[in-house]
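Here is a short report on one structure.

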Amino acid sequence: MIESLSSQAIATASQMQAIENLIFQAGMPVAALMEKVAIRITQRLTELYPVQSHPHVGILAGSGHNGGDALVVARELHHQGRQVKIYTPFAKSKPLTRVHGCYAKSLGIPFVSLEALPDCDLLIDGLFGFGLARDVVGDVAIAINTINNWQIPIGSIDLPSGIHTDHGGVMGTAIQATSTFCLGLWKRGLLTESATPYVGNLERISFDIPEKFILQVLGEHHLWRINPQQCLLKNFPISRSVITHKYEIGHLLLVVGSQKYGGAAILAAMGAKATGIGMLSIAIPNSLKPIILAQVPDALVIDCPETESGEIASLADLDLQKYQAITCGCGLSLDAFPIVEQVINSDRPLVLDADGLNALASMGKAQIIEKLNQRNSSIILTPHWGEFCRLFPDLREVERLEALQTAVNQTKATILLKGARTAIAVPDEAGTQTWINPESTPALARGGSGDVLAGMIGGILAQGISAKDAAIAATVWHSQTAIWLAKQRTEMGVDPVTLAQNLLPFLQFSKTDK
Ligand SMILES: NC(=O)C1=CN([C@@H]2O[C@H](COP(=O)(O)OP(=O)(O)OC[C@H]3O[C@@H](n4cnc5c(N)ncnc54)[C@H](O)[C@@H]3O)[C@@H](O)[C@H]2O)[C@@H](O)CC1
Ligand SMILES: Nc1ncnc2c1ncn2[C@@H]1O[C@H](COP(=O)(O)OP(=O)(O)O)[C@@H](O)[C@H]1O
Ligand SMILES: [K+]
């Protein structure tokens with residue numbers, strides 16, 4: 001229980017500091033905590049970078065307790081028989097950091113200039129942690145930029161130095177870490193898009209924070225890191241009764257496609273099919289019928305009247321009530337506004353993607369808020385940042401996660417903000433709850449990946465799973481399948497068709513390869 005709270009909660013610098021203060025006030029000596037943390041970092045470093053292959057280690061030590069942690073690590077690596085050197089660009093340090101520096105010196109560990117470090121096999125970055133207060137400038141900035149050019153593996157303690165703990169922005173410059181060992185709770189900034197190119201392989205080093213202190217500081221907590229492996233185990237395969245029938249497993253309606261964007265309809269259908277949905281209906285402009293049937297023979301194709309330019313002209317007298325969920329928007333084109341409005345006005349659980357979002361955006365923010373608040377069943381919006389800004393232009397300049405949470409507070413919709421660090425925010429009585437997907441791959445950055453995802457979410461939603469769980473589970477399944485495929489086929493090989501075809505083989509692999 002303690003581990004599950006601390007392994008998922010995401011904290012800001014001030015929250016982390018408040019938790020540490022509670023630990024210290026309760027009697028844990030500061031020096032003892034530093035020792036414990038640094039020993040655990042050393043253990044992990046030893047597993048990842050064994051003495052034999054990494055005998056020469058350079059330690060970058062700052063003036064605060066991040067530097068103190070690094071100096072304890074320096075001492076331990078020295079005792080393992082490694083050749084350790086310490087570089088510190090600061091004349092003054094906090095008292096505990098200073099005494100660790102003195103002890104390291106007494107052991108004969110040399111304090112060196114930057115020029116002495118390029119022959120190291122490994123660098124440990126303890127310049128700044130969550131105490132970074134302003135932009136990095138001067139000699140430290142020059143040192144960071146120089147080190148980044150060396151191609152030596154760098155292990156950053158707590159955060160890559162220069163990354164802002166809360167918003168993840170680069171404060172002047174920042175270390176480009178190979179591995180980041182985040183201490184205690186996940187820091188908010190580490191899970192942002194802006195920090196992602198600097199963080200490398202991110203892992204957490206626990207130091208057994210008592211749950212009561214986490215609860216005291218985080219209270220009604222709102223920001224969580226998804227655990228992808230737990231999420232897959234919890235949600236898949238979606239179970240079904242042995243005496244079930246097809247209409248009990250969910251009937252999804254896709255309102256998708258136009259002559260211009262016919263493929264999006266097929267990709268969404270492929271994503272939906274992979275979820276094991278009982279019935280799949282696809283409303284498309286009637287000229288697309290032969291091609292859709294050829295690709296998705298198991299779907300019920302509803303050929304709708306078509307405009308001259310090849311869009312769905314109307315859903316005619318389609319009874320939306322018979323569907324457990326609707327995914328609307330993939331490849332619909334921009335002229336499909338009346339269709340989108342009709343679907344939003346229904347009381348069906350709804351996924352709105354791509355041109356569905358563009359149609360919604362054309363209503364203007366006040367009407368968007370009114371329309372979405374009026375709905376009495378769940379709606380999931382799946383914008384990337386560009387679509388998000390079209391929907392909420394007043395939030396364009398606001399930091400990504402904050403903008404997302406504001407939009408969810410205003411609309412009461414579930415919003416899945418796509419990107420390298422997809423975040424899913426859900427309205428809740430206690431405020432907005434936000435989950436961040438911590439693992440993905442740039443292999444997904446190609447046209448059509450999002451159509452597959454929209455179909456998957458609809459398929460899961462139609463099977464009676466909540467909007468929150470459907471959005472999170474689909475996001476994780478989509479990105480983990482892409483990671484798995486990129487390992488086999490390189491990042492070039494994860495086209496959306498291959499991705500959709502491998503959703504089920506990946507689940508099979510993830511269940512058996514444990
Ligand atoms: N107390 C402990 O024993 C523990 C320490 N931890 C470590 O302590 C760190 C936080 O320590 P601190 O609060 O001392 O802060 P940091 O070590 O992150 O750095 C702050 C120091 O750098 C200076 N500074 C800030 N911005 C600067 C800039 N742009 N240029 C130059 N100097 C700048 C500050 O004046 C301060 O002296 C954590 O990140 C973590 O590594 C904890 O994780 C675990 C428990
Ligand atoms: N750099 C990246 N790293 C990880 N995932 C990415 C990256 N870029 C895009 N993605 C993912 O790829 C998908 C792209 O969806 P979207 O932008 O809607 O494309 P399309 O509309 O062409 O299908 C989203 O799930 C998004 O999170
Ligand atoms: K650091």
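## The potassium site

The 6 donor atoms around the potassium ion (ligand 3) subtend angles of 68 to 172°, which makes the arrangement irregular. Donors are N, O and S atoms within 2.8 Å of the metal, or 3.2 Å for Na, K and Ca; water is not among the atoms, so sites may look incomplete.

This is a predicted model: local features need pLDDT of at least 70, side-chain atom pairs need 80 or more, and totals for chains, interfaces and linings use all residues. Residues count from 1 along each chain as written, chains are lettered from A and ligands numbered from 1 in written order, and side-chain values use heavy atoms, without hydrogens and water.

The protein donors lie 2.6 to 3.1 Å from the potassium ion (ligand 3):

| Residue | Donor atom |
|---|---|
| N66 | OD1 |
| D125 | O |
| F128 | O |
| I157 | O |
| L159 | O |
| S161 | OG |

Along the chain, their spacing is N-x58-D-x2-F-x28-I-x1-L-x1-S. D125 and F128 are both buried (under 20% relative accessible area; exposed is over 50%, partly exposed in between; 1.4 Å probe, protein chains only).

I465 is partly exposed, at 21% relative accessible area. Leaving out residues up to four places away in sequence, I465 touches I238, I460 and A470 (heavy atoms within 4.5 Å). I465 and A264 are 201 residues apart in sequence, and their C-alpha atoms are 24 Å apart in space.

Key:
Four donors count as tetrahedral if all angles lie between 85 and 135 degrees; four count as square planar and six as octahedral if opposite donors are over 155 degrees apart and all others between 65 and 115; anything else is irregular.
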